[in-house]
Amino acid sequence: MPPVKTIVFYHSKTGSTKKYAEDIARQVAGEALPLKRGWVKKAEGAECLVFGGNVQAGNIQGLNEFLSEYERFEGIPIIVFSVGMALPSPEGRQDLISQNLLDMYHVRFYQVQGSFDLNKLDFFSKFMMKRTLKSIGERENASAAEKMIGDLVSKPLVIYDKEKIEKIVTVINGLSSGLYKA
Ligand SMILES: Cc1cc2nc3c(=O)[nH]c(=O)nc-3n(C[C@H](O)[C@H](O)[C@H](O)COP(=O)(O)O)c2cc1C
């Protein structure tokens, strides 16, 4: 069975989501494209659509724009993945679903862990994040997790969530065999 024609759209600030999107696309012989003006036209003819967005304060960036065209893609399997520095967990996944109203749509959703590097942020975001991270790490009786967050000021977090990407690729490949229906 040939792979289904897959397009992976992404929104990425510091490159993690972009890398994941490109890796998924390569492994399913698809295409990875940034979610920018005119993206809908590029989605035409797709048999599977994937959207990946970086997480900021619990919001999956670009998701609203992507889902605003949801009805146009009725019948096509849709996969959404979020990329945040938080360790994926059932509770964290549920919070993302609730905050981003994902349960209003018929989509498959994966929470992927990404890297965090303060130095890749623009001046303003870097300034704000540095202050926030420092204050968490310096809390009185800070827990081990809070101290780890504080450490991000001086030490980037480098993560590649290989397992989750393999899972997404497996699901897309399963579509071509007719294993799953939209
Ligand atoms: C302003 C800001 C807010 C963030 N908020 C969250 C968050 O709420 N949850 C989370 O898991 N990660 C959060 N992160 C971390 C990013 O989601 C993470 O670094 C991700 O890998 C970035 O993806 P990108 O490289 O594609 O932009 C935040 C990062 C920034 C800069």
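Is aspartate 122 buried, partly exposed or exposed? Aspartate 122 is partly exposed, because its relative accessible area is 39% (buried means under 20%, exposed over 50%, partly exposed in between, with a 1.4 Å probe and protein chains only).

## Ground rules

Please keep in mind that this is a predicted model, in which local features need pLDDT of at least 70, side-chain atom pairs count only at pLDDT 80 or more, and totals for chains, interfaces and linings use all residues. Residues are numbered from 1 along each chain as its sequence is written, and side-chain values use heavy atoms, with hydrogens and water left out.

The protein is divided into domain 1 (6-116 + 159-176) and domain 2 (118-156), with bounds that come from an automatic or database domain assignment. Taken over C-alpha atoms, the centres of domain 1 and domain 2 are separated by 27 Å. Four residues from domain 1 and nine residues from domain 2 take part in the contact (heavy atoms within 4.5 Å).

The size of an interface is often given as the accessible area lost when the parts come together. Here about 590 Å² is buried between domain 1 and domain 2, and carbon and sulfur atoms give 73% of that area (buried area is the accessible area, with a 1.4 Å probe, that two parts lose on being put together, summed over both). On the domain 1 side, Lys13, Thr14 and Phe116 lose the most area to domain 2, together 88% of what that side buries. One residue pair in polar contact is counted between domain 1 and domain 2, both residues being at pLDDT 80 or more (a polar contact is a pair of N or O atoms within 3.5 Å; within protein, one must be able to donate a hydrogen and the other to accept it, and residues adjacent in sequence count only if both atoms are side-chain atoms).

## Salt bridges

The rule gives eight salt bridges (a side-chain nitrogen of Lys or Arg within 4 Å of a carboxyl oxygen of Asp or Glu). Lysine 13 lies in the loop between β1 and α1 and aspartate 122 in the loop between β6 and α5, so this pair ties together parts that are 109 residues apart in sequence. (Helices, H or I of at least four residues, and strands, E of at least two, are DSSP runs numbered from the N terminus.) The closest N and O atoms of lysine 13 and aspartate 122 are 3.9 Å apart, and one salt bridge is found across the interface of domain 1 and domain 2. Lysine 13 is partly exposed, at 38% relative accessibility.

Helix α1 holds both glutamate 22 and lysine 18, four residues apart, about one turn of the helix. Their salt bridge has its closest N and O atoms 3.2 Å apart. Glutamate 22 is partly exposed at 35%, and lysine 18 is partly exposed at 34%. Lysine 41 and glutamate 44 also meet in a salt bridge, at 3.5 Å from N to O; lysine 41 is exposed at 60%, and glutamate 44 is exposed at 51%.

## Nonpolar cores

The largest nonpolar core has 22 residues, and Phe9, Leu49, Phe51, Phe66, Val80 and Leu102 have the most contacts inside it (a core is a set of buried Ala, Val, Leu, Ile, Met, Phe, Trp, Tyr and Cys residues joined through side-chain atoms within 4.5 Å). Among the elements that give two or more residues to this core are β1 (6-11), β3 (48-56) and β5 (78-84). A second, separate core of 21 residues includes Val8, Ala21, Val28 and Ile165.

Threonine 17 sits in helix α1 (residues 16-27) and is buried, with a relative accessible area of 1%. Beyond its neighbours within four places in sequence, threonine 17 is in contact with residues including Tyr10, His11, Gly52, Asn54 and Phe81. Glycine 15, in the loop between β1 and α1, is partly exposed at 30%.

Serine 115 lies in the loop between β6 (108-113) and α5 (123-137) and is partly exposed at 27%. Its side chain reaches the backbone nitrogen of isoleucine 159 at 3.0 Å. Apart from neighbours within four places in sequence, serine 115 is in contact with Ser16, Leu157, Val158 and Ile159.
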